[in-house]
Amino acid sequence: MFQITTQSVPLPDGREITIETGKLARQADGAVVVRLGDTMLLATVVSSKEAKEGVDFLPLSVDYQEKFASAGRIPGSFQRREGKLSDHEVLISRLVDRALRPIFPEDYHADTQVMITLISADPQVLPDALAALAASAALAVSDIPFNGPISEVRVAKIDGEYKINPLISELERASLDLIVGATEQDICMVEGEMNECSEAEVLEALKVAHEVIKLQCQAQKELEAKVGKTEKRTYSHETHDEELRVAVRAYCYDKIYEAARQKQTVKKLRSDAFKAILNEYLETFAEDADVNKTLVKTYFNDLVWEASRRLVLDERYRLDGRVLDQIRPIVCEADVLPRAHGSSLFTRGETQSLTTVTLGTKMDEQIVDQAMFQGYSKFLLHYNFPGFSTGEVKPNRGPGRREVGHGNLAHRALKKVLPPDADNPYTIRIVSDILESNGSSSMATVCAGTMALMDAGVKIKAPVAGIAMGLITDSEKYAVLSDILGDEDHLGDMDFKVTGTEQGITACQMDMKVNGLSYEVLEQALEQARAGRLHILGEMKKAISEVRDDLKPHAPRAHVIKIEQSQIGAVIGPGGKVVQEIQKESGTTIVIEEKDNAGYVSIFATNKEGMDKAISRVKGIVAIPEIGEIYDGKVKTIMPFGAFVEFLPNKDGLLHISEIKWERLEAMEGVLEVGEEVRVKLIDIDKKTGKYRLSRKVLLPKPANKNP
């Protein structure tokens, strides 16, 4: 019934990836199942036969989704079913999209949808490193035009060695963790994080990954041949007028080039200059209704792209007048918002980020509910990109995929320098609001996030800065650009974002739009990025050079008390009565956790008085009475023979009538009152009954002996 075709791909450690087609989803244009261990991904691709009228780009959508059943779990949501893609799924979708999109033919404009579904989850095999391989293989077994194949692998440096697609348990020891996408010839996508690694380590990781990707691309070609899909569908999605193209060039190119040479630093003025040339040319056709003005605009934009690139390659300076490795002017400011726990404003050229840090308690942690992971996250970073940042009218519909991706890159960059959990009781939320944007807003987020953390008093290991590198190249020349503009991102061949400290790289993200990038050029880009990063860190230090010694007055203070596991119940009390009473009286928030065979009581307060009161109460509950210690107690009951004094929470001792004063007392009347505070010393603990004996008189001056 099924015509099943299978192809296998070996991994360096002896494991084997299998690609199967012909069994599942046969009505899709292409469908495969990729398997490693017990992890299985179903990838399907469907593309319309024709492009929609007026569409001059590739309408490609890539969706990755994890089915909870793949891991034997039921979703924790209210509906108990998979809903919209989570941020985690969006990030994996973007990994695939960024590797696939540049590989499609430039003139292919049909609606195309790639769907990748996790249908079986091996608890030791991460699926994200297989998703792009599955998507590319689905395209390979279809008739959809595609200049691939491509593939992606994870490369990690573990115990000093590079490993491809390591097990989850191994990845915990990794000092470098990258997802690398490539064709047989060239690397086209990189994303990952590392522990202040050197540029040389990153380059070596890319080389190791590419060798394995080459094998996976070859396997896809063999599978394509087996199923007879080497010939792809014919299409015609663009109509051109070559005479009109020549006419537009003749009239506009020199004017465009001259406008590009004006070294205009303001994006809007530069854009207005180009628009003026276009409008001037369009006016020559005011009475000619037959001219295709859409094509005119297309050819004009092509000339802007070409002229801007020639300016860089031939004259070695850029649209805003900078030389190739020059960073835009930077203005930094910390502590800009009076009520935020930490804040900063970072402006680089026409890109600006206003960033805040908020410190929360254990109860503010984010619940993470994924097919392969359940738990909590205590470090959050959110990136917002409103329309006004680029002078546009755009409805506020919440974060899109771009915002999720940019926020994740900044999150990866900064989490590497946060203090370890044992030294950080807080949940930390960073929010970057982009107020202006002309390139590298995610890197501005990294810089502003670092300064806001320092302003908040978070003891980071070292400041982190980020820079976006670009590349423009033709068959003869190339230029590596530092701190690229938005226009340079559009007209360039590479967007390579690198973040790090003075010691090394903490995260990177690269997208390539051109084939043939050599490792020598990459090495130059990384070294140029390092120099730029150090310059930016120097500018940041002018605004804030050290982490604040203390938190802001209105920030929550935290104190953690480690207690015996057996004492947890005493602190909580029956039905939570004790801990609730402490919180009410002190105005604090108390979180109690049990881990590593011990109890941890985290106390959060916004004032010292409340903190001290809560600490005293908790310590009193868990304190073990010691003979010879002095306590501040309270009289609970009075008996003819003495008084019972609560000297620790829920611990009463007998203050015998003979231990109240040095003078002999005949009766208790008028000596002490219930509720009276009295300082006492623990003088004995009965070994059989455990009862406590207290003394007050030993703390009082002893009267002089009248009868020496």
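This is a predicted model: local features need pLDDT of at least 70, side-chain atom pairs count only at pLDDT 80 or more; totals for chains, interfaces and linings use all residues.
Q: Which residues does UniProt list for "binding site"?
A: UniProt positions follow the numbering used here, with shortened feature names, and annotations may be inferred rather than shown by experiment. The unreviewed entry lists Asp489 and Asp495 under "binding site".

Q: Where are aspartate 489 and aspartate 495 placed?
A: Helices (H or I, at least four residues) and strands (E, at least two) are DSSP runs numbered from the N terminus. Aspartate 489 belongs to helix α10 (residues 486-491), and aspartate 495 to strand β20 (residues 494-500).

Q: Is aspartate 495 buried or exposed?
A: Buried means under 20% relative accessible area, exposed over 50%, and partly exposed in between (1.4 Å probe, protein chains only). Aspartate 495 is buried because its relative accessible area is 8%. Aspartate 489, at 29%, is partly exposed.

Q: What does aspartate 489 contact?
A: Contact means heavy atoms within 4.5 Å. Neighbours within four places in sequence aside, aspartate 489 is in contact with Ile484, Asp495 and Lys513. With the same exclusion, the residues touched by aspartate 495 include Asp489, Ile484 and Gln509.

Q: With which side chain does that of aspartate 495 make a polar contact?
A: A polar contact is a pair of N or O atoms within 3.5 Å; within protein, one must be able to donate a hydrogen and the other to accept it, and residues adjacent in sequence count only if both atoms are side-chain atoms. Here the partner is the side chain of lysine 497, at 2.6 Å.

Q: How many bridges pair β20 and β21?
A: Strands of a sheet pair through backbone hydrogen bonds, either parallel or antiparallel. Two strands pair if DSSP finds at least two bridges between them. β20 and β21 pair in the antiparallel sense over seven bridges, and they form a hairpin with four residues between them. Phenylalanine 496 has methionine 510 in β21 as its bridge partner.

Q: Which strand is joined to β21 by six bridges?
A: Strand β10 (residues 187-197) runs antiparallel to β21, and glutamate 191 has glutamine 509 in β21 as its bridge partner. In β21 (residues 505-512), eight of its eight residues are buried.

Note on methods: Residues are numbered from 1 along each chain as its sequence is written. Side-chain values use heavy atoms; hydrogens and water are left out.
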